[in-house]
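We will go from the whole chain to a single side chain.

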Amino acid sequence: FLTQFPEGTQALSLPFDYVRGVSGHVQAGDYVDAYATGDRGNFNLKTKGDVSVGAKKQSTFLLLGEIPVIEVLGANPGQETSVPTMTLAVSKMEAAALISAQETAKLWFTLVPEEDTER
């Protein structure tokens, strides 16, 4: 399982609901962007293509871009799991940012079209 991860990354599985998980369209091998809604000052990450909408203390912003998806469980009909999860390949800092956003802000994912990635 861990051989699927790029060097310098580790596995992070996040629970997600159907809509925030791009309505069941995310699969292993895809890339997602992570957006957070909350106080941007709580997240000390630099992302390419600075994207932010809203007030300073309560805005929606690009938290991380082009995150590799390694596994998705429970997002599609017929898959049995108690909580749908998406396993991502992230650095330690990215894991901390995603966990913090999951716990303290609102976290959303978008599916990145293949032609828009730098793979």
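Predicted model: local features only at pLDDT ≥ 70, side-chain atom pairs only at ≥ 80, totals over all residues.

Residues are numbered from 1 along each chain as its sequence is written, and side-chain values use heavy atoms, with hydrogens and water left out.

**Whole chain.** Colour by secondary structure to see one helix and six strands, in the order β-β-β-β-β-α-β from the N terminus. Helices (H or I, at least four residues) and strands (E, at least two) are DSSP runs, numbered from the N terminus. Of the 119 residues, 36% are buried, meaning under 20% relative accessible area with a 1.4 Å probe, protein chains only.

**Core.** Next, select Leu63, Met86, Leu88, Leu98 and Phe109, which have the most contacts inside the largest nonpolar core, a set of 25 residues. Such a core joins buried Ala, Val, Leu, Ile, Met, Phe, Trp, Tyr and Cys residues through side-chain atoms within 4.5 Å. Strand 4 (59-73) is one of the elements supplying at least two residues, and strand 4 gives the most, with six.

**Met86.** Centre on Met86: its contacts (heavy atoms within 4.5 Å) beyond four places in sequence include Leu12, Val32, Val69 and Phe109.

**Ala101.** Finish in helix 1 at Ala101. Is Ala101 buried or exposed? Ala101 is buried, with a relative accessible area of 0%. Its touching partners, not counting residues up to four places away in sequence, include Ala36, Phe43 and Leu63.

Notes:
Buried < 20%, exposed > 50% of the residue type's maximum accessible area, 1.4 Å probe, protein only.
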